[in-house]
Structures are given as structure tokens and as C-alpha cells.
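Welcome! Here is a short tour of a protein model for anyone meeting it for the first time.

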Amino acid sequence: MRPTDPEGHGPVRYGPPLPGDGLPVLPELAAVLAAAAGRSESEPIGGGHGLREAACGYWDRRGLPTEPEQVVAAPGAPALLLALTAALGGDVLVPRPCAAWWAPYARLLGRPVFHVATPAESGGVPDPYALLETVRRVRDEGGDPRLLVLSVADDPTATVTPPEALHETLEAATDEGLHLVSDETWRDTVHAPHDTVLLSPAEMLPDQVTVVTDLSGAHLPPGWPAAVARFPAHDAGNGLHARVLDVLTALGARIAGPVAIAARYALEEPEPVTARIAAAVRLHARVAAAAHTAAVRAGAVARPPQAGRHLYVDLGPLRAGLSAHDVGDAQDLEDFLAARLGMPAPGGHRFGDDLGALRVRLSTGALLAGTEEERAECVTSPSPLELPHVHRALIHLKSVFDDLRDEAQRWEPPR
């Protein structure tokens, strides 16, 4: 079975970063970092005891009892995934589409990466039957699939996988002896937490799942790289934990001392941090819903966003109008929309999707762009969509989509 093309259309180094929140740094968090700026000693590989204890408390509050010996911290989730992939060996399975940073680290190690289709209702977790078929085909052709990376709160599709669908996929993965890495970077950004059930795979398969959380998802600014991983307890995870530490040591992958202090503060979740996270989630939920409405009313297809700070849009129904602008694939669409919208619009090929499909990920943080004061006002305003700079951005987005609809209708052949 042929693995996914190494880079698609465009170099990996131009791939999209995690979507930022578009907001000023929380003042209390900035104060903690500033107070730690004089710290000269290095944070140990894997994180100091205080940071790992804070991570244990974070997971305990989410129904995943954790001991410090199960935790490893690193300067960002990519370093953790690279170390996990190196430690586990074998071929890697990921959903189609998936977070843009998942596949390059396996390829860097020379490991084949195989994308598996996801169900129609949600992304981030492969369809169980497609997973079994992919594993069978890879093994028939001499491959060695060992690792499945998935995400119940997904980048790029912004969906949350229902527990029953997750359970079916985990059963299939267990039958095939796969180790799972659950990327839970966006689990704290669910738009309707009281109406959406998010279940970690580690709750279902405690001995087969390593959880990875990049703190830039909800707790830290993207420019302060820090992430934590939770390994299975006791014998199930001890060997993997040790091998991952070996890889991180070889890489010199330490969190900067002041950032580690800020990460510990954020993971302890004092009131200023939880209040900011809740406010940011409400804000991005509103902006994402407005962007989704604009796209769908123009004839595009998009799943309703349920988490994160992004929206995944399929403009295939508008292909006729886009063809008039020489847009024939996702790279063309990325270039065209980025110029039209004045904001990044990475194509679906960046996320392992088909190059020929006209899909893009739009980030809601870019729609909040403005002065420091304007961005700060977004957090406190009871009507953030009515703020002038946000209103202008949404009107512009709607105008671009409406123009594409009109152009598509103009170029459609008569029936």
C-alpha cells in the first residue's frame, strides 16, 4: 500500500502552525513569566517535579488519575510526538485529514505514514472499518503498523468524536495491537461543554494510550512552547516512558525555565486562567458559528465547529466559479483565498487531505485582528461580534463567500 505523498503540494516548512487565539497574553500569566525571567538554571529533561505534579492535577480533574512518574514535559507537542514515534518504531497511522504537524515527524524518522478515512459526522478519529482495512493492506505489503495518532477534539475539522464512534475505533485498534497517541490539545476548547460529551481514549484503554497535550491549545500563548504527555501506568508505560526520555535527552528538548514556571501556573488552573479560557472559548465559538453560517449560506460545505479556533470548509460546490480564477486544487485555493481574505487559509493538503479537493482551514483568531486594545475588548464584550473590527472582518468574509457563490452560479452550465 502506497504511503501518503511526503510533502504534498508545497514544502513542509510552510505548513500552518496551531491556530492562535488572537488575544493579548493574560496579565497574570505574563506576570508569572516576568517574575521567573531571572531564573538561570535549566529545567530537567522531561520536566521538573513541580511541573509534572501540576500536570497530574490537571489530568486528575479530568478523570485521569496520574502520578508524576507517568508524566513527561517537552518544549511543544511536536517534540513529544517525534520522541514517541522514534521510541515505538514501525509504521504510523493517522486520520485523513489530521493536524498538519503529525505526519512530518514520522517522515523525518523515515517511517511510512498512512492516512485513514474518517466518518462523515466527525474528524480526528478514523472509521473503524477503514482502519482495519488499512492495517490489513499495510501488513499484506510487508509493512509494520504500530502507532495510531488520533484526536477526539480535532484540528483541522473542529469536531468532537462521539463516544460510541470512538469506542468502535478503539476496539479495532486493540484487535490489531496498535499503541495509541491521543492528541488532546483542544479538549479544553469545546464550544458547548455541557452539551458535548468528550471522552479521552485513555479512559477506555488505560494501558494502550499515551495522551499528549500542547498547552498552546488553551493555556499558554503559542510563542511559549510547552507540552505534557501522560503515559500508561506501571509496566504498560514504563519502558516507553524511558525510551521517550532517551530521545528527548538526545535532542536536548528542555522547556525554558521561565516558560516551565508559567506552564506550571497555567496547569494549576487558578481562577484567572480558568476565567480567561472560558471567555476565549465563548468568543471563538461565536466567531466560528458566524463564519460557518457565512460559508454554508454561500453554498460551501462545513461541519458545524464544536471545538478549537478554526473551521474546515469544503468549497467543492463552488468549483465552477473558482475555476474561472484558475483555482484547480487545494494549493491554488490556499493562495487565492489568502489573498482575497487577507488572512491565512491553509489548504486541506496541508492536513493530509486530497490535493484535488477544494478544502481549507480558516482560523477564527485571524478575524479578531486589531490593536492590543481592540483584541482585549473582545474578551470582555457581551457582544463581541458587534465590535467594529470584528464586524468588519466577518462582513468581509461573508462578502468573499457570497462573491464565490455568485461566480459559481454564473459559470454553471444551463440545466
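The accessible surface of the chain amounts to about 16900 Å², and carbon and sulfur atoms hold 53% of that area; such areas come from the Shrake-Rupley method with a 1.4 Å probe, and for residues only the protein chains shown count as cover. This is a predicted model, in which local features need pLDDT of at least 70 and side-chain atom pairs count only at pLDDT 80 or more, while totals for chains, interfaces and linings use all residues. Residues are numbered from 1 along each chain as its sequence is written, and side-chain values use heavy atoms, leaving out hydrogens and water.

Some overall values for the chain are gathered here.

| Property | Value |
|---|---|
| Span of the C-alpha trace along the principal axes | about 65 × 55 × 40 Å |
| Distance between the centres of the positive and negative side chains | 3 Å |

Of the 415 residues, 56% count as buried, meaning under 20% relative accessible area, with exposed being over 50% and partly exposed in between (1.4 Å probe, protein chains only). Among contacts with a separation of 6 or more, 73% join residues 24 or more positions apart, where contact means heavy atoms within 4.5 Å.

The chain carries 35 positive and 54 negative side chains. Lys and Arg count as positive, Asp and Glu as negative, and His and the chain ends are not counted. Each charge is placed at NZ of Lys, CZ of Arg, CG of Asp or CD of Glu.
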